[in-house]
Amino acid sequence: MKRTAWKCFTSYVPTSYKVLMIVGTVLCTALSVFLGSILGIMGNLIVGSLVMVMLILVDYFAFSGISVRYQKRMEMLKSSFNGNEVIRKALVVDLIAKAALSVVVYAAGIIGAGGIPDINVFLMFTSFYLLYIVVSAIFLIFTRRKGLSILVQMLFCYLASSAAGGLFFALVATQQGVERVTEKFEGGSIIASAVILALLVVLIAVGAILLYKDSYKGYLSGFSDDTDKDKKAAKAA
Amino acid sequence: MEKQVIAAKNIEKKYKNFTLSVPEMNIPSGFATALIGENGAGKTTLLNILTGIRNDYKGSIQYFGQYSEKEMEKTAEVRERIGYTGTDNYYLPNWTVGQVCSLSKLLFEHFHEDRFKKYCDDLAIFGGNAYDGRKKVSALSDGTKTKLMLAGVLARDTDLLVLDEPASPLDPLMRDKLCELIRDYLNSGEGKSVFFSTHNISDMEGVTDYAIILEQGKIVEQGFVEDLKEKYILVKGEKADIEAAKKILYTITTSNYGFEGICLAEDLDKLAGMDVVTETPNLFKISVAVMKRNSLIK
């Protein structure tokens, strides 16, 4: 059978995960439209946090490509030559699905807010949204590596929004610095925001690659000793 | 010398308080080989190493007389020819039986869905009901999970089955069926082999051709069962001879009436003068004697 990425993903993740992801997307999208209609584009900042919480919860309880709770298991995959390929492809589709979900929810918020109010404001808020995703992804890598509980993961998700807020001010300062260079051109302010946004998109891509590599590394670690402690002990022995 | 399906040399895997060390191990082709040993002897670690589930070890392994362990990592050929069933860590609990089937099709080139469904039916995985792909693996009992694993490997075209404790969670009837399945598999083609670990020596004795006994991470005995039955003798004797017999017997169990023990056939002459009866021991008696001799259990 041809091992397409989609086939690998759908075979690997359980039905509960697929259902929860679809239901979660619909709910977050509806909420995004609703909040957008009340708070305008600001509503997206709240929805951004909710999307991350939803992704972590669904991932943890229904598990998926990025969950590590069972990385020591899956002997069925490990006993097959094609197991690594299947899990790699499933992880990639999983990340793409999550990215697509974030974009859909964000776009719904914009629609709810009655469209793009001001290009500069739009770029600023989009930058914050992306920054939040990047920070959350980094925090997620950390929490997964440490094998922390779901409550601690939630706490880190909350901290990520604070960290993203702090970083956003740094970003605004950077934007102003870039603006000084671009102000010579017509629409210099927009160019500066766009540059920042482009940088964040690159950061998102890097974050996604890191998340993918970390998840795959987690799976591969199941082929050897349980913990670093065991490895050290084995080395010492 | 007969062909070997797996030939391992200088296998070593160290843990903090345990080392698996196997200087040489050969699994004969065309036979059922049992890996016997007490808890923590290193059976699962050894099976995981041989099937490529664990790769942090030293040593070399040759598969089917032609592939090295490195080739196992690089080509699909070796893993395709080996069917492995594990214990708790085989499936993800959220998977359904249908997912197990569709994943098997992705993972293994020669997996036959119709055969899988037939084995699910034959082994009464759904309790006599029709095949239910939506049934969650986590909802199955340990015994039924083992049946599902067996259905999965038997639905593939393989040359070697490596089964980790297949009999333990099974009821007596299913253990008998397991022996039948193993026999059918061995008879289904030339060179088909089975290597399984077990604590249920008596139940599996009928299907065991070759035995490897592992203790404290080391192979302490191995050979064809028929040869082992010639190597060891079961001795029963009078109470009066207990002390003298203790010095000669491999292991001894005493009671108010006398003693029973296993003795190396070559030491039988040393029992001359004692009032003893000898019998051919079964694999269970031999295994327990060998394990007792090498165990840390006092």
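This is a predicted model: local features need pLDDT of at least 70, side-chain atom pairs count only at pLDDT 80 or more; totals for chains, interfaces and linings use all residues.
Which helix of chain A does A:Thr174 lie in? A:Thr174 belongs to helix α7, which covers residues 150-182 of chain A. Helices here are DSSP runs of H or I with at least four residues, strands are runs of E with at least two, and both are numbered from the N terminus.

Residues are numbered from 1 along each chain as its sequence is written, chains are lettered from A and ligands numbered from 1 in the order in which they are written, and side-chain values use heavy atoms, with hydrogens and water left out.

**Chain A**

Chain A holds 9 helices and 0 strands. Of its 237 residues, 48% are buried, meaning under 20% relative accessible area, while exposed means over 50% and partly exposed in between (1.4 Å probe, protein chains only). A:Thr174 counts as partly exposed because its relative accessibility is 40%. From A:Thr174 to A:Ile22 there are 152 residues in sequence and 37 Å in space, C-alpha to C-alpha.

Contact means heavy atoms within 4.5 Å. Taking the contacts in chain A between residues at least 6 apart in sequence, 77% join residues at least 24 apart.

| Item | Value |
|---|---|
| Residues in contact | 36 of chain A, 38 of chain B |
| Area buried between the chains | about 3300 Å² |
| Salt bridges | 1 |
| Residue pairs in polar contact | 16 |

Buried area is the accessible area (1.4 Å probe) that two parts lose on being put together, summed over both. Carbon and sulfur atoms carry 59% of the area buried between chain A and chain B. On the side of chain A, A:Glu75, A:Met76 and A:Phe81 lose the most area to chain B, together 25% of what that side buries.

A salt bridge pairs a side-chain nitrogen of Lys or Arg with a carboxyl oxygen of Asp or Glu within 4 Å. A:Arg3 and B:Glu109 form one through their side chains, at 3.2 Å from N to O. A polar contact is a pair of N or O atoms within 3.5 Å; within protein, one must be able to donate a hydrogen and the other to accept it, and residues adjacent in sequence count only if both atoms are side-chain atoms.

Helix α1(A) gives the most to the side of chain A that touches chain B, with 5 residues.
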